[in-house]
Amino acid sequence: MQAEHVFEGHTGRIFSIALCTLADGRKVAASASHDRTVRLWCLTTFQHIRTLTYTDFVWRVFIVINPSTGKPYIVAYVSTEDKIQVSDLETGETVEIFYGRLLFSGSIPLFRQPVIINAVGDEDISFIDVSNGEVLRVLHGGFEKVFRAVVSHSTSPILVFTTWNAQNRRSTIQTYDLADQVGAYKGYRVGLGDSCDAGLTTKWDQMSHSHLSESGRSEPDEVNVSHITDRSKLKLLFEGDSRDGVTSLVITLTSTPLIVSGHYDFVVRLWSIETKQLLMSLEGHSDYVGSVAAWKGREPIIVSGSTDGTVKAWNSQTGSVVATGEGHNRDAWAVAVTTGPRPLIVSGSFDRTVRVWDINPILADLNWARRKGFLLFLQRSGFLASPATAVKIADPHHQQLDLHHQNNSLLTPSTAKVFEEEALCRIVASFL
């Protein structure tokens with residue numbers, strides 16, 4: 001896998017990559033760096049857009065879009081100050097500043113607007129409206145120090161998070177069932193005088209100051225709190241230590257979602273979000289896995305970046321490596337994948353570069369392999385071909401495979417679809 005483009009300009013290590021598609025169709029990448037900046041790059045024209053400067057190095061960055069206005073925001077985490085800074089992507093101006101530990105920012109099923117998921121101290125997890133800074137939800141009680149969190153996009157959403165206990169060097173992946181909260185806060189806006197629909201409440205002065213923003217608005221007297229008293233909602237997926245601890249986390253958007261985690265023991269692990277069981281361990285890196293990402297498509301792909309300097313694309317169904325990107329000369333610590341029919345992998349490295357990788361030829365190969373298998377099945381089942389005549393199937397690498405068909409013509413990737421459709425019509429007709 002070769003890099004399609006290399007962005008240069010950072011003067012420090014790159015820790016995080018975020019992607020989005022703007023209303024005008026442009027794909028944009030944001031890279032967060034130790035040089036105290038977030039740089040914005042256009043993946044359509046391969047041009048630098050602008051640079052946002054911060055008071056210290058930026059450990060994580062997200063891009064969120066307000067669905068009501070279409071306005072995009074940069075959410076950056078300055079970890080040394082526990083500061084979360086929200087900026088207008090189009091102007092670079094700071095919109096809001098919060099304090100806490102940024103776990104995630106984006107859209108989740110519980111709320112209409114994109115949120116910030118924020119860790120408060122070592123125990124609480126809060127959900128904050130990106131657009132106006134309101135605290136929408138707080139999970140209180142019993143969490144260890146949380147470092148990353150994601151929420152499944154399903155009718156029964158599940159919070160998946162990682163923790164780290166420095167005293168006993170315990171690293172975990174845990175889940176918390178949020179299904180009973182769906183719809184409970186529909187239309188509920190903290191601080192506007194609305195009553196709570198469900199859950200417990202606590203006075204504002206009992207909450208951590210980490211909820212406070214610098215907007216100058218008066219803060220609410222009450223916020224909604226869920227005390228984690230039902231421990232059955234809290235499930236432990238993984239428990240390890242500094243040798244195999246968790247570095248990164250993502251949930252796939254496939255019809256059967258998977259939890260994907262990167263680890264210090266060089267392994268990418270895939271978990272069932274339904275059964276909470278380990279499904280597969282992807283082994284192939286020779287050093288820490290720093291970041292993982294996933295692409296939703298006909299051929300579901302998992303992407304990982306490692307301190308061995310490589311970016312790998314995996315077939316999540318078979319666990320095999322389908323491509324390896326080499327080019328970074330230091331840790332490839334951040335990876336992300338664009339959405340849409342023509343995905344791009346974007347990686348950020350300690351070598352101070354951002355690389356863009358085109359995986360579409362890989363996806364074409366996977367798709368053709370799947371179609372060849374399907375055609376073989378149809379031929380052997382008697383739906384596709386007459387056994388008396390032969391036809392050659394040529395794949396993109398000109399490897400040929402014998403199949404029977406009533407025509408003696410050559411079957412190529414461009415004509416295979418016609419024969420597939422013909423065969424499917426015969427299958428349907430056979431059941432009528």
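## Largest pocket

The largest pocket has 47 lining residues, and those nearest its centre are Leu 19, Phe 62, Phe 104, Ser 105 and Val 250. A pocket is an open set of points on a 1 Å grid over the protein atoms alone, where a 1.4 Å probe fits and protein lies on both sides within 12 Å along at least five of seven lines; lining residues have an atom within 4 Å of a point. Two or more lining residues come from each of strands E2 (14-21), E6 (60-65), E10 (101-106), E14 (146-151), E20 (246-251), E24 (289-295) and E28 (334-337). Strands are DSSP runs (E, at least two residues) numbered from the N terminus. E2 supplies the largest share of this lining, 7 residues.

The model is predicted: local features need pLDDT of at least 70, side-chain atom pairs count only at pLDDT 80 or more, and totals for chains, interfaces and linings use all residues. Residues are numbered from 1 along each chain as its sequence is written, and side-chain values use heavy atoms, with hydrogens and water left out.

The space in the largest pocket is about 1,300 Å³, a volume being the space filled by probe spheres set on the grid points, which are joined across faces, edges and corners. Its lining comprises 31 nonpolar, 12 polar and 4 charged residues. Here Ala, Val, Leu, Ile, Met, Phe, Trp, Tyr, Cys and Pro count as nonpolar, Asp, Glu, Lys and Arg as charged, and the others, Gly among them, as polar.

## Second largest pocket

The second largest pocket has a volume of about 500 Å³. Of its 21 lining residues, Trp 59, Phe 147, Trp 164, Val 246 and Tyr 264 lie nearest the centre. E14, E15 (158-165) and E20 each give two or more residues to this lining, with E15 giving the most, 3 residues. By class, the lining holds 8 nonpolar, 8 polar and 5 charged residues.

Trp 357 lies in strand E30 (residues 354-358). Trp 357 counts as buried because its relative accessibility is 0%, the limit being under 20% relative accessible area with a 1.4 Å probe and protein chains only. The side chains of Trp 357 and Ser 347 are joined by a polar contact of 2.9 Å (N or O atoms within 3.5 Å, one able to donate a hydrogen and the other to accept it; residues adjacent in sequence count only if both atoms are side-chain atoms).

## Nonpolar cores

The largest nonpolar core contains 47 residues, of which Val 75, Ile 116, Ile 117, Ile 125 and Leu 159 touch the most other members. A separate second core of 17 residues includes Ala 18, Val 28, Ile 74 and Val 78. Such a core is a set of buried Ala, Val, Leu, Ile, Met, Phe, Trp, Tyr and Cys residues joined through side-chain atoms within 4.5 Å.

Terms used: Helices (H or I, at least four residues) and strands (E, at least two) are DSSP runs, numbered from the N terminus. Buried means under 20% relative accessible area, exposed over 50%, partly exposed in between (1.4 Å probe, protein chains only).
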